Amino acid sequence: MTGYFIGVDAGNTMVKAALFDATGQMCAVASRGSETLQPEPGFVERSPEGLWDAASGAIRDCLAQSGLSGAEVLAIGAAGHGNGLYLMDDAGRGLIGIQSMDNRAEALASQIAAAHGEDILSRAQSRPWPAMTPVLLRWLLENKPDLLARAHRAVLCKDVIVHGLTGRMGSDISDLAGAGLLALPALQYDDALLRLYGIETLRHLLPDPAQSDAVVGHVSGTAAEATGLAEGTPVAAGLFDVLASTLGAGTSQAGEASIVAGSWSINQVFTRKLPDHPRALLASVLGRDTWVSCECSPTSAANLEWFVQTFLKDEAQATGEDPFALCNRLAAEADPERDLPVFHPFLYAGPVPGARAGFSAMGAWHSRGDLVRALYEGVAFGHRAHFEILDPNRRFRTATLSGGAAKSKLWAQIFADALGMTLRLSDCTETGARGAAIAAAVGAGVFESFDAATRVMAHHTSEITPDPVAQAQLDDRYRRWCAYRDALMTAWTPSKGHD
């Protein structure tokens, strides 16, 4: 068939729009920055209007780049970072946009977890954390009640884009489940759950849920002018971005696993039923019958970005070498059989409050290449620690790998060896946008299900298997990584009586 689909993927800093044909081939992609605001320490915000401006501009740029008209787009879908909180007033104006890197509610999250964590886990299969949507609602209730009084609806990141396209202030079940707002497996709001968070009086703010692939509106005349899309183009409800990235990378069935090594370490297993004894940070749903347990933290490829910006950017600019190619070259020069340093990737968060990143076991003989190799290994070990929570019995032996690590052959092999898993690499770099486009294609009736659409629209370029010798070496180094992590717990944890 002829016709195209657009997927919009809104992260914490960039908003990308990509256009795909019905085979999943990416025809054009454009991105716009969305300014991050930090009005106070620990606060990470953006303007909802700024988010929409970035999204509409990216869509317009994408269409211009493709040379196609908006009338050739059959449907559009959006994905966005999960959790956080975006408040809209009754006129559709944004009041505040809190992003998923926000840490203002760290103390409150610990308080809620101590008082009701097990009950919340049993009802929502989620554990309270600082940027969790219901935790942020409780924080606003206690600290900014006047702002809440002006609010008409509390939505999530990608919902701001759907609102800009259609005027709808709703959400979808994958995002709401991932935010811990729905009781599972019923996928419904639950008064008892809201009371555990202390937000039972705010139920009127919660958005109407829809299936992720449901057409929830059509592009308005105003949105058509802003984006170049045709007025009346169907708009799907969209997806939690971790699911969109997984879908776009080719994972859609129970029994499969997914790894996204981007700013966040995102690790997911897909099953036909929820675990009897939940262990993961959060759970969500793909479609109507595929449950997803997810363990994640901001401990992945963002550590390499920091290393590049701090230590290698000037050298790369001076020589003209791509800084990430420089990292790969340096890491390849390291001898994996040597006694390498240990790196813990906790620049932004760690296993306990107060955890910090760092290199341990360094000697005067270690080179820059040894440090980069240790960083590659340390990030992979962080993913492995998450899988030990998700899959303690090691039932999942194959996964898709996407994100920054998938762009490096060396790093992807380290992931395979460190995890002891066969990894499939996607043919597409914009997997989040492709997942959103897949939801749009299903909503438009081109495919009958996510699985059917994924089989046609998502493909793999290669498969990486663990090397037995390297796997044994990394098993030893992982035990050392854990030993250092566990020994540092006492130093990281603040002493009683200190803030």
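Predicted model: local features only at pLDDT ≥ 70, side-chain atom pairs only at ≥ 80, totals over all residues.
Contact here means heavy atoms within 4.5 Å.

## Helix α3 and its cover

Helix α3 spans residues 133-143 and is mostly covered, with eight of its 11 residues buried. Those eight are T133, P134, V135, L136, L137, R138, W139 and L140. Which elements cover them? Included are the strands β5 (85-88), β6 (94-98) and β7 (153-155). Helices contribute too: α2 (106-124), α4 (145-149) and α7 (191-197) are part of the cover.

## Overall build

The protein chain holds 16 helices and 21 strands. Its radius of gyration is 22 Å, close to the 23 Å that the globule rule gives for 499 residues, so the chain is as compact as a globular protein of that length. Along the principal axes, the C-alpha atoms fill a box of roughly 65 × 55 × 45 Å. Buried residues account for 58% of the 499. Take the contacts between residues at least 6 apart in sequence: 71% of them join residues at least 24 apart.

## Empty space

Rolling a probe the size of a water molecule over the atoms shows where empty space is left. How many cavities of 30 Å³ or more are there? The count comes to two.

| Space | Volume | Lining by class |
|---|---|---|
| Second largest pocket | about 370 Å³ | 11 nonpolar, five polar, five charged residues |
| Largest cavity | about 50 Å³ | six nonpolar, one polar, two charged residues |
| Second largest cavity | about 30 Å³ | eight nonpolar, one polar, no charged residues |

The second largest pocket is lined by 21 residues. Nearest its centre lie P275, H277, S293, L390 and R395. Strands β14 (265-271) and β15 (282-286) each supply at least two lining residues, as does helix α12 (368-390).

Strand β17 (342-344) and helix α16 (468-492) each supply at least two.

T133 is one of the buried residues of α3.

I59 sits in helix α1 (residues 48-66). Its relative accessible area is 0%, so I59 is buried. What does I59 touch, beyond residues up to four places away in sequence? The partners are I6, V8, A17, I76, L165, T227 and L229. The C-alpha atoms of I59 and A226 are separated by 8.9 Å, although the two residues are 167 apart along the chain.

T233 lies in the loop between α8 (221-227) and β11 (234-236). Is T233 buried or exposed? With a relative accessible area of 5%, T233 falls under the 20% cut-off and therefore counts as buried. Its side chain reaches the backbone oxygen of A230 at 2.7 Å. Leaving out residues up to four places away in sequence, T233 touches V73, L74, A75, G217, H218 and V219.

## Backbone exceptions

Most residues other than glycine have a negative phi, and most peptide bonds are trans. Some sites here depart from that pattern.

Where is a cis peptide bond found? One joins L184 and P185, with omega at about 10 degrees. P185 is in the loop between α6 (173-178) and α7.

The loop between α6 and α7 also holds L187. Phi of L187 is positive, near 60 degrees. At 17% relative accessibility, L187 is under the 20% limit, so L187 counts as buried.

N83 has a positive phi as well, near 60 degrees. N83 belongs to the loop between β4 (73-80) and β5. Its relative accessible area is 1%, so N83 is buried.

Notes: Residues numbered from 1 in each chain as written. Heavy atoms only, no water. Helix = DSSP H or I, 4+ residues; strand = E, 2+ residues; numbered from the N terminus. Buried < 20%, exposed > 50% of the residue type's maximum accessible area, 1.4 Å probe, protein only. Polar contact = N/O pair within 3.5 Å; in protein donor to acceptor, adjacent residues only side chain to side chain. 1 Å grid on protein atoms, 1.4 Å probe; cavity = no way out; pocket = protein on both sides within 12 Å on 5 of 7 lines; lining within 4 Å. Points joined across faces, edges and corners; volume = space filled by probe spheres on them. Nonpolar A, V, L, I, M, F, W, Y, C, P; charged D, E, K, R; others polar. Rg over C-alpha atoms; globule rule 2.2 N^0.38 Å.
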